[in-house]
Amino acid sequence: MCGIAGLIYYNSALYDSLGSTLLSLIQPLETRGPDSCGVALYSGQVTAAQIKLLLHGNSSTPWLQVQQWLEQQLAAMNSPVDCQPIPEGLRLVIDLANGNFDPAQFKQALHSQFPMLHVVGMGQAMEIYKETGAIELLNRKYSLNHFSGTHGIGHTRMATESVVDTHHSHPFTSSYDLALVHNGQVSNYYKLRFQLERMGAMFETQNDSEAIAHYIHYQLLQGKSLEAGLYQLLDDIDGTYTFLVATRDKVALVRDKFAAKPAVIYETEDMVAIASEYRALLNLPSFDSNATIREPSAGEVNIWSVLPTVKETAERTLVNR
Amino acid sequence: MTEQGMLTGTLVDCSKLTTREINQQLRTLATEGLEQVTLTNPAGRHNLAVGMDTCMKIQIAGPVGYYCGGLSEQIHLEIDGNCGWSVGENLMAGQILIRGSASANAAATARGGTICILGHAGPRAGISLKGATVIVKGNVGPSSAFMMQQGRMIICGDAGANLADSIYQGEIFVGGRVASLGADARYEPITGQDWQMLAQELGPFGLDAHTYNFKKIVCAEQLYHFKPRDFSKWKDAY
């Protein structure tokens with residue numbers, strides 16, 4: 001058992017409540033997964049030529065040394081970096097405009113220099129925060145209540161397949177702005193991992209859910225749309241799963257052919273919320289019992305685009321005139 | 001959902017109690033000889049009215065979570081809302097009426113009594129049913145009546161894929177379309193006696209059996225014992 005939740009806003013007036021609402025959405029799901037929790041939050045704060053990168057270490061990490069090393073390394077790549085300390089980590093904004101920053105090379109160099117450091121995620125919009133223990137602690141540690149953004153996914157974990165620590169917590173990422181939270185088990189994990197590694201995927205943990213993230217990234221690299229990739233996934237990934245995958249502009253919910261793991265979808269004109277259990281949706285500040293509330297069917301793939309609604313676009317057009 | 005103002009009789013407000021306290025209170029009220037109790041603000045909570053053994057009518061004013069009314073010896077339960085997984089699991093006797101839809105595993109392993117869902121039911125409705133009667137006004141999801149052993153399912157709407165897969169015994173009636181039958185299930189001609197029974201079972205819930213085009217499904221009894229030559233009959237369910 002694990003808990004998953006997702007939130008997509010269509011109304012920009014709601015953006016400021018992204019962090020607090022997503023956390024209150026996964027709060028009741030803590031009973032489904034008390035081991036660890038995490039969220040991937042999306043906001044469009046950096047400019048086109050920049051990326052955000054979150055590093056996680058521990059209290060004994062020599063942060064000053066790390067910062068110096070980072071500045072040196074990235075200067076060598078001609079990519080200036082802005083380092084902002086966060087609890088047990090650093091939030092970097094790297095300027096790629098004139099540089100030759102290579103993420104794989106960077107990760108390798110970082111790992112050989114500071115083995116205790118972990119790249120939690122990178123992208124233009126995505127920020128991943130995860131931790132063992134309670135949601136309340138995660139919230140307080142990173143002040144997530146104040147996080148403003150367009151969409152996000154969250155997870156509460158009851159570990160079945162690998163060790164309980166921050167790195168093995170969800171969300172998992174496999175590429176820029178790609179995050180995944182999963183409830184279930186992947187039965188053909190070893191075979192899948194072997195195949196994906198042959199295709200160049202770099203696994204960072206022993207967790208089966210990470211394989212799903214790499215699988216989706218691989219499908220996208222083949223030029224497939226997210227939708228086509230996810231339908232292919234239904235045939236290729238064996239096991240039980242209800243998972244949410246988020247990209248910069250989309251959130252998808254996939255349920256396996258057995259419908260073995262739960263999900264409830266809540267839709268209004270302003271937002272879409274997804275949670276493992278109905279009772280979690282009652283925590284939405286604007287919960288409307290007349291909203292469309294449904295469960296996805298077995299083998300169903302739902303994809304929502306995180307774009308302003310027709311209504312908002314129309315309003316903007318009117319204003320521009 | 002019923003408005004709070006319209007509720008009458010003894011009310012128990014779930015929002016102020018733990019689940020254990022609610023169920024204990026229900027048991028106490030039943031021993032006091034009360035005839036009807038209403039639970040308000042269930043808020044999708046799990047394990048409400050489980051392990052009951054009473055004819056006292058329990059009304060739940062709103063949606064409930066998992067296992068509602070489960071593991072009960074005897075119950076008279078009405079839910080004015082949707083249900084989570086496994087409503088009425090392992091029910092022994094009595095009646096559960098759901099005025100909304102039920103999620104997966106409705107009436108799982110229920111041995112007796114009647115569970116009536118006036119909305120739709122999710123995947124695996126009536127899984128491993130062991131003697132109860134399950135009535136669904138709407139549709140049921142895939143793998144419903146999986147490994148059913150005894151009892152009766154009456155589905156007025158459509159049934160999802162692999163209906164009655166690996167059924168042992170019991171009978172299933174479907175008013176709408178059947179996406180597909182599972183291994184070792186077959187259609188059987190429906191008799192006048194069956195129609196009589198259907199009218200009798202559906203009548204109390206305000207449903208008219210003759211407005212549906214019922215089809216009857218039973219066990220083909222081909223796979224009770226595994227024989228290698230029957231291999232092709234073991235359909236791959238997925």
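Chain A splits into domain 1 (3–45 + 125–320) and domain 2 (46–124), with bounds taken from an automatic or database domain assignment. The C-alpha centres of these two domains of chain A lie 25 Å apart. Their contact (heavy atoms within 4.5 Å) takes 20 residues from domain 1 of chain A and 21 residues from domain 2 of chain A.

Some housekeeping. This is a predicted model, where local features need pLDDT of at least 70 and side-chain atom pairs count only at pLDDT 80 or more, while totals for chains, interfaces and linings use all residues. Residues are numbered from 1 along each chain as its sequence is written, chains are lettered from A and ligands numbered from 1 in the order in which they are written, and side-chain values use heavy atoms, with hydrogens and water left out.

Everything here sits on a 1 Å grid over the protein atoms alone: a cavity is a set of points where a 1.4 Å probe fits but cannot get out, a pocket is an open set with protein on both sides within 12 Å along at least five of seven lines, and lining residues have an atom within 4 Å of a point. Grid points are joined across faces, edges and corners, and a volume is the space filled by probe spheres set on the points. For residue classes, Ala, Val, Leu, Ile, Met, Phe, Trp, Tyr, Cys and Pro count as nonpolar, Asp, Glu, Lys and Arg as charged, and the others, Gly among them, as polar.

| Site | Volume | Lining by class |
|---|---|---|
| Largest pocket | about 820 Å³ | 18 nonpolar, 13 polar, four charged |
| Second largest pocket | about 650 Å³ | 16 nonpolar, 13 polar, six charged |
| Largest cavity | about 100 Å³ | four nonpolar, eight polar, four charged |
| Second largest cavity | about 70 Å³ | eight nonpolar, three polar, two charged |

The largest pocket has a volume of about 820 Å³. Its lining has 35 residues, and Lys107(A), Ser174(A), Met202(A), Glu204(A) and His214(A) are the closest to its centre. Helices (H or I, at least four residues) and strands (E, at least two) are DSSP runs, numbered from the N terminus; by that naming, α3(A) gives the largest share of this lining, six residues. Both domain 1 and domain 2 of chain A put at least three residues into the lining of the largest pocket.

The second largest pocket is also worth a look: among its 35 lining residues, those nearest the centre are Arg294(A), Glu295(A), Ser101(B), Ala102(B) and Ser103(B).

There are two cavities of 30 Å³ or more. Around the largest cavity, 16 residues form the lining, with Cys2(A), Met158(A), Thr160(A), His170(A) and Gly184(A) closest to its centre. β10(A) gives the most to that lining, with four residues. His170(A) turns up again in the backbone: its peptide bond to Pro171(A) is cis, with omega near -5°. Pro171(A) sits in the loop between β8 (151–157) and β9 of chain A.
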